[in-house]
Amino acid sequence: MAKHKTPLLDQLESGPWPSFVSDIKQECENRAKNEKGVEFQIPADCPEDLLGVLELSYVDGETHWKHGGIVGVFGYGGGVIGRYCDQPEMFPGVAHFHTIRVNQPSGKYYTTEFLRQLCDLWEFRGSGLTNMHGATGDIVFIGTTTPQLEEIFYELTHNLNTDLGGSGSNLRTPATCLGMSRCEYACYDTQALCFNLTNEYQDELHRPAFPYKFKFKFDGCPNGCVASIARSDFSVIGTWRDEIRIDQEAVAGYVGGELAPNAGAHAGRDWGKFDIQKEVIDLCPSECMSYEDGKLSIDNKECVRCMHCINTMPRALRIGNDRGASIFVGAKAPILDGAQMGSLLVPFVKVDAGNDYQEIKDIVEGIWDLWMEEGKNRERLGETMKRMGFQKIIESAGVPVDVRQVQEPRTNPYIFWKAEDVEGGWDRDIAEYRKRHQQ
Amino acid sequence: MATVEFNGKSFEVDEDGFLLSFDGWNPEWVEFVKEQEGIAEITDDHQKVIEFLQDYYKKNGIAPMVRILSKVTGFKLKQIYELFPSGPGKGACKMAGLPKPTGCV
């Protein structure tokens with residue numbers, strides 16, 4: 001028998017999509033029966049009270065969580081999002097309902113053994129409810145009490161060899177597409193780079209020292225499967241700088257209909273016979289492809305590596321062999337001064353595990369040096385860029401100025417010069433000027 | 001909200017154990033909070049951090065950014081965590097009686 005009546009939420013149990021309401025109710029039942037005899041460390045009816053408070057919010061059209069919440073574990077300045085219900089007498093099971101961010105493996109590959117251990121821990125010391133995963137990438141444990149935080153942290157680190165993720169004004173948990181593990185477009189080992197930088201910058205992740213939050217994300221190619229260009233202050237996107245490899249026989253296979261375009265992604269509707277001219281050649285943004293006498297050719301020096309032709313004919317076209325990545329900086333959501341996507345800072349950098357990715361780390365640290373010193377309180381890197389100018393970021397990152405860093409040159413003439421670049425500098429004597437120009 | 005009693009003094013606090021009012025702070029508060037913040041004994045270094053936070057707050061109406069705290073006190077972030085295990089926000093600001101940090105934490 002459910003603890004609270006939830007007529008509005010009950011409506012969300014119908015329909016074909018997996019219902020979060022049905023799932024939470026199932027966990028309510030599991031905890032009520034407690035067949036394993038778990039000694040629950042927080043109220044067994046915590047998920048029931050969560051449904052209760054959610055139903056109340058559905059009725060009121062208002063949230064019932066209090067403002068903010070500062071809890072955590074010793075040694076770290078982040079990782080836990082404190083939260084308290086604003087109706088604790090009505091819903092004591094969620095009077096404390098803190099969220100714990102747990103650092104996920106790059107690409108989110110798991111063994112059932114590991115997930116079982118996580119679940120056993122969370123069933124015992126938490127609500128039994130999770131988010132797999134948070135938008136930044138973390139495994140999210142949803143709902144526990146303050147006294148359980150250190151207990152959970154102890155077991156995570158000692159028994160599961162797993163750490164917390166990031167929160168606050170620091171480096172947040174980095175995330176990546178699944179990269180070379182199962183994608184032929186991956187231009188570098190995104191998981192390896194993500195793992196390496198996560199470990200390298202543990203201090204920056206656990207102890208807030210920045211003006212505001214800072215995120216890394218790693219995409220293996222411009223398709224952007226982890227959306228780094230929109231969701232990270234520092235976005236590493238794989239690319240190549242030699243030729244696209246063409247298998248003419250496979251091209252003929254696509255033209256002849258033996259191979260489905262886009263690996264069959266549009267098979268749900270009849271789009272007619274594959275037309276290479278219409279679907280590839282004419283859609284190329286730089287118009288650098290041609291198909292004549294049954295032969296596909298690409299003028300690679302005009303190619304912008306948009307991925308369209310490769311995406312359409314993956315069996316026939318492959319990424320080049322001289323691979324690396326581009327680095328984009330400054331993406332952020334609208335608050336405060338408007339949304340930004342990443343701006344190209346480094347057109348091409350080798351992703352070199354051999355030297356421990358030092359070239360990329362130098363760029364990261366160059367940017368941090370500037371932003372940590374000059375960034376205002378709660379100013380994202382993208383906003384510092386706008387305020388101080390992209391030139392400053394280029395200088396602090398220690399990378400060359402490159403025409404590819406702009407989409408178009410400025411149209412206004414408000415151009416600053418450095419004194420040392422102007423003959424004679426800025427110190428001028430008006431009396432000298434007056435000798436040649438009467439007042 | 002709750003009231004806690006310690007050595008004959010009483011303090012109004014929220015769920016996270018932050019003082020509701022900066023004016024409610026007095027030296028007994030530090031003694032009361034230190035245990036829950038993992039601090040055995042208040043040293044001159046602790047005192048220096050607390051006093052700076054309070055001066056900055058009185059003057060500016062906000063808590064200082066972490067790097068300003070480091071710069072003025074001369075303590076690197078690592079040393080601040082050695083002094084205050086839960087960090088400058090939850091640890092030092094709470095002891096100094098400053099309002100609870102807010103935002104996307």
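Leaving aside neighbours within four places in sequence, Gln340(A) is in contact with Ala230(A), Gly330(A), Ala331(A), Lys332(A), Gly382(A), Glu383(A), Met385(A) and Lys386(A), where contact means heavy atoms within 4.5 Å. The model is predicted, so local features need pLDDT of at least 70 and side-chain atom pairs count only at pLDDT 80 or more, while totals for chains, interfaces and linings use all residues. Residues are numbered from 1 along each chain as its sequence is written, chains are lettered from A in the order in which they are written, and side-chain values use heavy atoms, with hydrogens and water left out.

- Gln340(A) is found in the loop between strand 12 and strand 13 of chain A, helices (H or I, at least four residues) and strands (E, at least two) being DSSP runs numbered from the N terminus.
- With a relative accessible area of 14%, Gln340(A) is buried, since buried means under 20% relative accessible area, exposed over 50% and partly exposed in between (1.4 Å probe, protein chains only).
- A polar atom of the Gln340(A) side chain lies 2.9 Å from the backbone oxygen of Gly382(A).
- The loop between strand 12 and strand 13 of chain A also holds Leu336(A), and the peptide bond from Ile335(A) to Leu336(A) is cis, with omega near 0 degrees.
- Strand 12 (residues 323–329) and strand 13 of chain A run antiparallel and are joined by four bridges, with Ala325(A) standing opposite Val349(A) of strand 13; two strands pair if DSSP finds at least two bridges between them.
- Strand 13 (residues 343–349) of chain A is mostly covered, six of its seven residues being buried.

- Chain A has 15 helices and 13 strands, and 46% of its 439 residues count as buried.
- The C-alpha atoms of chain A fill a box of roughly 90 × 75 × 45 Å, taken along the principal axes.
- An open sheet of four strands in chain A has the order 1-2-4-3, with antiparallel pairing; strand 1 (80–81) and strand 3 (129–132) stand at the edges with a single partner strand each, so one side of each is left without a neighbour in the sheet.
- Strand 2 (residues 99–102) and strand 4 (residues 139–142) of chain A pair in the antiparallel sense over four bridges, and the bridge partner of Thr99(A) in strand 4 is Ile142(A).

**Backbone features in loops of chain A**

- The peptide bond from Met132(A) to His133(A) is cis, with omega near 0 degrees, and His133(A) is found in the loop between strand 3 and strand 4.
- Ala263(A), in the loop between helix 9 (248–256) and helix 10 (276–279), has a positive phi near 55 degrees and counts as exposed at 64% relative accessibility.
- Asp293(A), in the loop between strand 9 (289–292) and strand 10 (295–298), has a positive phi of about 50 degrees although it is not a glycine, and counts as exposed at 84% relative accessibility.

**The interface with chain B**

- In the interface, 23 residues of chain B are in contact with 31 residues of chain A.
- The rule finds two salt bridges across the interface of chain B and chain A, a salt bridge being a side-chain nitrogen of Lys or Arg within 4 Å of a carboxyl oxygen of Asp or Glu.
- The side chains of Glu15(B) and Lys66(A) meet in a salt bridge (2.3 Å, N to O).
- Helix 3 (66–73) and helix 4 (77–83) of chain B each supply at least two residues of the side that touches chain A.

Definitions and conventions:
Polar contact = N/O pair within 3.5 Å; in protein donor to acceptor, adjacent residues only side chain to side chain.
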